[in-house]
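Reader: I've got a model open and I'd like to learn how to read it feature by feature. Can you walk me through it?

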Amino acid sequence: PAGAFADSGHLVLLSKQARFDEVKEDLVLAIESRGIKINHFNFIADMLARTGQDLGAARQIYLRGEQIEFCKSDLSRAQMEADPANMVFCPYIITLYTTPDDPERVHVAYRKPIAPGAGAATQQALAAIDALLREIVEEAVR
């Protein structure tokens, strides 16, 4: 994909020079084109700006920052059939944000679904989720 790419082990982060709304639209389309329903949008930058005033925190972390929550039923079922505790990995969340120091660069990231020491069925289920999330993010940041 165009732009920067980082896989730190616990998260995958891609970025590109673009308008926030353009990348958000591409991300929504990448999710919905797979027959996946978006559950919720979380407006994290707005929440931080609102609560920052109450906390006396003046630093603006994001110009815009949102999370998109969704699940894919077959992958979610496989992960929870492998181990009921794997419910912790659902919903899937992809974030997108811009920062004050680089307002023209949009960052798109997701937390990798990892469970060190888990059984083979869990590892296989989480690898499938990771592949889906990576595919969606890469499509949106092309």
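Reader: Let's start with helix α2. How many residues does α2 have, and what span does α2 reach?

Author: Keep in mind that this is a predicted model. As a general idea, an α-helix has 3.6 residues a turn, so residues three or four places apart point the same way. Here, α2 covers residues 44-55, which makes 12 residues. From first C-alpha to last, α2 reaches 16 Å, close to the 16 Å expected at 1.5 Å a residue.

Reader: You mentioned peptide bonds. What about the one from Cys-90 to Pro-91, cis or trans?

Author: The bond from Cys-90 to Pro-91 is cis, with omega near 5 degrees. Look for Pro-91 in the loop between α3 (73-82) and β5.

Reader: Cys-90 makes me think of disulfides. How many does a search of the whole structure find?

Author: The search finds 1 disulfide. Cys-71 and Cys-90 form the bond, with their sulfur atoms 1.9 Å apart. Cys-71 sits in the loop between β4 (64-70) and α3, and Cys-90 in the loop between α3 and β5, so the pair ties together parts 19 residues apart in sequence.

Reader: Is Cys-90 buried or partly exposed?

Author: The cut-off for buried is under 20% relative accessible area. Cys-90 has 22% relative accessibility, so Cys-90 counts as partly exposed.

Reader: On to the strands. In what sense do β4 and β5 pair, and how does β5 connect onward to β6?

Author: The thing to read is the direction of the strands and the bridges between them. β4 and β5 run antiparallel, joined by 7 bridges. β5 (residues 92-99) and β6 also pair in the antiparallel sense, over 5 bridges, and a hairpin joins β5 to β6 through 2 residues. On its other pairing, β6 (residues 102-111) meets β2 (residues 11-17), again antiparallel, over 7 bridges.

Reader: Which residues stand opposite each other?

Author: Follow Thr-95: Thr-95 is the bridge partner of Gln-67, and Thr-95 also stands opposite Ala-109 in β6. Then try Val-108 in β6, which is the bridge partner of Leu-96 and of Leu-14.

Reader: How many of the residues in β5 are buried?

Author: β5 is mostly covered, with 6 of its 8 residues buried.

Reader: Now pockets. What volume does the largest pocket have, and which residues lie nearest its centre?

Author: Start with the volume, then ask who lines the space. The largest pocket holds about 240 Å³ and is lined by 15 residues. Nearest its centre lie Leu-48, Ala-49, Arg-59, Gln-60 and Ile-61. By class, its lining divides into 9 nonpolar, 4 polar and 2 charged residues.

Reader: And what about the second largest pocket, which residues line it?

Author: The second largest pocket has a volume of about 200 Å³. Its lining includes Gln-67, Thr-95 and Ala-109, along with Tyr-97 and Tyr-110. β2, β5 and β6 are the elements that give two or more residues to that lining. The classes there are 6 nonpolar, 3 polar and 1 charged.

Reader: Where is Gln-60 found, and how far apart are Gln-60 and Ala-109?

Author: Gln-60 is in the loop between α2 and β4, and is partly exposed at a relative accessible area of 46%.

How values were computed:
Residues numbered from 1 in each chain as written. Predicted model: local features only at pLDDT ≥ 70, side-chain atom pairs only at ≥ 80, totals over all residues. Heavy atoms only, no water. Helix = DSSP H or I, 4+ residues; strand = E, 2+ residues; numbered from the N terminus. Expected span 1.5 Å × (residues − 1). Pairing = 2+ DSSP bridges. 1 Å grid on protein atoms, 1.4 Å probe; cavity = no way out; pocket = protein on both sides within 12 Å on 5 of 7 lines; lining within 4 Å. Points joined across faces, edges and corners; volume = space filled by probe spheres on them. Nonpolar A, V, L, I, M, F, W, Y, C, P; charged D, E, K, R; others polar. Disulfide = S-S within 2.5 Å. Buried < 20%, exposed > 50% of the residue type's maximum accessible area, 1.4 Å probe, protein only.
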